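Here is a short briefing on one protein model.

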Amino acid sequence: MNGFTPTDQADQASASAQLSIRNVTKVFPGKTGLVNKLTGKTSRDFVAIEDISLEIEPNTFVTIIGPSGCGKSTLLGMIAGLMPVTMGQILLNGQPIVGPGPDRGMVFQNYALMPWMTVEENIRFAIETVTPKMSPKRCDRIIKEHIQLVGLSGAERKHPHELSGGMRQRVGIARALAINPQILLMDEPFGALDALTRGFLQDEIERIWEQQRKTVIMITHSIEEALLLSDRIVMMTRGPAARVDEILEVPFPRPRNRETIDQHPAYHDLKAEMESHLFRETRAVEAARIG
Ligand SMILES: Nc1ncnc2c1ncn2[C@@H]1O[C@H](COP(=O)(O)OP(=O)(O)OP(=O)(O)O)[C@@H](O)[C@H]1O
Ligand SMILES: [Mg+2]
């Protein structure tokens with residue numbers, strides 16, 4: 001067994017953790033009052049995730065994997081400060097997260113770019129929102145650096161509709177990194193891309209991570225992607241009341257190479273463990289749906 005349980009990790013809750021997720025539960029309240037009268041249906045509170053604890057150290061690449069609908073985006077949304085926790089606490093450098101902040105950059109699955117702005121303007125908008133007093137010269141330099149970093153030089157003046165999906169996601173990554181966040185949050189960033197573009201962007205993320213070593217928390221449905229990129233893989237159970245089942249340590253040396261990574265002695269065991277986890281949880285979701 002390569003992993004250790006979330007309880008072990010919570011016990012080790014150390015001062016060195018950058019992000020501490022402590023006994024977090026998220027309940028979406030049922031609709032009440034007028035809505036019930038209109039639809040004739042009663043709806044109950046929904047416990048999406050229950051009592052999740054995780055300690056994330058600086059400069060770690062963490063991926064979250066789990067069956068569809070288990071609460072991965074909900075957890076990331078709470079870390080981003082886009083929605084409140086119902087119970088428990090999320091601390092960033094010891095301070096509770098109360099809303100979005102420049103210390104966290106988010107990359108969305110659907111890109112979420114401003115369609116009327118060019119590549120350059122999308123990135124500028126993010127920087128100016130976070131640091132309104134930055135000199136235009138410095139801002140220009142940061143934009144240029146990040147456009148280069150993600151390989152978009154030449155596309156500065158293009159609008160999102162003129163870009164491919166892979167290029168749009170590069171803008172999303174450049175925009176998130178340009179505000180120089182402590183933590184990069186990515187919700188299935190490559191989910192909508194074809195396999196080739198996806199592989200290419202995974203390699204880019206690996207390269208950028210080697211340069212910057214930021215803390216990254218990324219949601220993915222791809223076992224291979226998680227094994228290629230992560231230091232730790234958090235495996236969530238099915239919902240409702242989803243928990244963290246196990247956390248796997250990924251021991252492969254860096255820089256990693258997709259061609260040779262499966263030659264590492266631990267690769268196939270880790271992969272098999274993730275496959276059986278996902279298979280078990282997904283089968284249970286199906287059984288609950290049918291039964
Ligand atoms: N605003 C909301 N109101 C009520 N229920 C919600 C809300 N947002 C999410 N949920 C429910 O919470 C559960 C977790 O949703 P979430 O989007 O976090 O899952 P996920 O793991 O990201 O799924 P996927 O892999 O399909 O993206 C789902 O059952 C979903 O229906
Ligand atoms: Mg999701």
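E249 and R232 form a salt bridge, with their closest N and O atoms 3.3 Å apart. E249 sits in strand β11 and R232 in strand β10, so the pair ties together parts that are 17 residues apart in sequence. The model is predicted. A search of the whole structure finds 17 salt bridges.

**The E249–R232 pair: buried or exposed?**

- E249 counts as partly exposed, at 30% relative accessibility.
- R232 counts as buried, at 17% relative accessibility.
- The cut-off explains the label: buried means under 20% relative accessible area, so R232 at 17% falls on the buried side.

**Other salt bridges**

- D231 pairs with R254, and their closest N and O atoms are 3.1 Å apart.
- This pair links distant parts of the chain, 23 residues apart. D231 is in the loop between α8 (223-229) and β10 (232-236). R254 is in the loop between β11 (244-249) and α9 (267-290).
- Both D231 and R254 are buried.
- E204 and R207 also meet through their side chains, in a salt bridge of 3.1 Å from N to O.
- Why are E204 and R207 separated by about one helical turn? They are 3 residues apart in helix α7, which covers residues 195-212.
- E204 is buried, with a relative accessible area of 15%. R207 is partly exposed, with a value of 32%.
- Salt bridges can also join into a network: R238, D245, R280 and E281 are linked in this way.

**Ligand 1 and its shell**

- Which residues are around ligand 1? They are F28, F46, A48, S68, G69, C70, G71, K72, S73, T74, E188 and H221.
- By type, the shell divides into 4 nonpolar, 6 polar and 2 charged residues.
- Two elements, β3 (46-56) and α3 (72-80), each supply at least two residues of this shell.
- Helix α3 gives the most to the shell, with 3 residues.

**Polar contacts of ligand 1**

- With S68, the contact is to the side chain: an oxygen atom of ligand 1 is 2.6 Å from an N or O atom there.
- With G69, the contact is to the backbone: an oxygen atom of ligand 1 is 2.7 Å from a polar backbone atom.
- How much of ligand 1 does the protein bury? Taken alone, ligand 1 exposes 640 Å², and the protein buries 59% of that.

**N122 in helix α4**

- N122 lies in helix α4, which covers residues 119-130.
- N122 is buried, with a relative accessible area of 2%.
- Where does its side chain reach? The side chain of N122 reaches the backbone nitrogen of M114, at 2.8 Å.
- Leaving out residues up to four places away in sequence, N122 touches L113, M114, M117, P160, V171 and R175.

How values were computed:
Residues numbered from 1 in each chain as written. Chains lettered and ligands numbered in written order. Predicted model: local features only at pLDDT ≥ 70, side-chain atom pairs only at ≥ 80, totals over all residues. Heavy atoms only, no water. Salt bridge = Lys/Arg side-chain N within 4 Å of Asp/Glu carboxyl O. Helix = DSSP H or I, 4+ residues; strand = E, 2+ residues; numbered from the N terminus. Buried < 20%, exposed > 50% of the residue type's maximum accessible area, 1.4 Å probe, protein only. Near = heavy atom within 4 Å. Polar contact = N/O pair within 3.5 Å; in protein donor to acceptor, adjacent residues only side chain to side chain. Areas by Shrake-Rupley, 256 points an atom, 1.4 Å probe, with all protein chains shown as cover. Nonpolar A, V, L, I, M, F, W, Y, C, P; charged D, E, K, R; others polar. Contact = heavy atoms within 4.5 Å.
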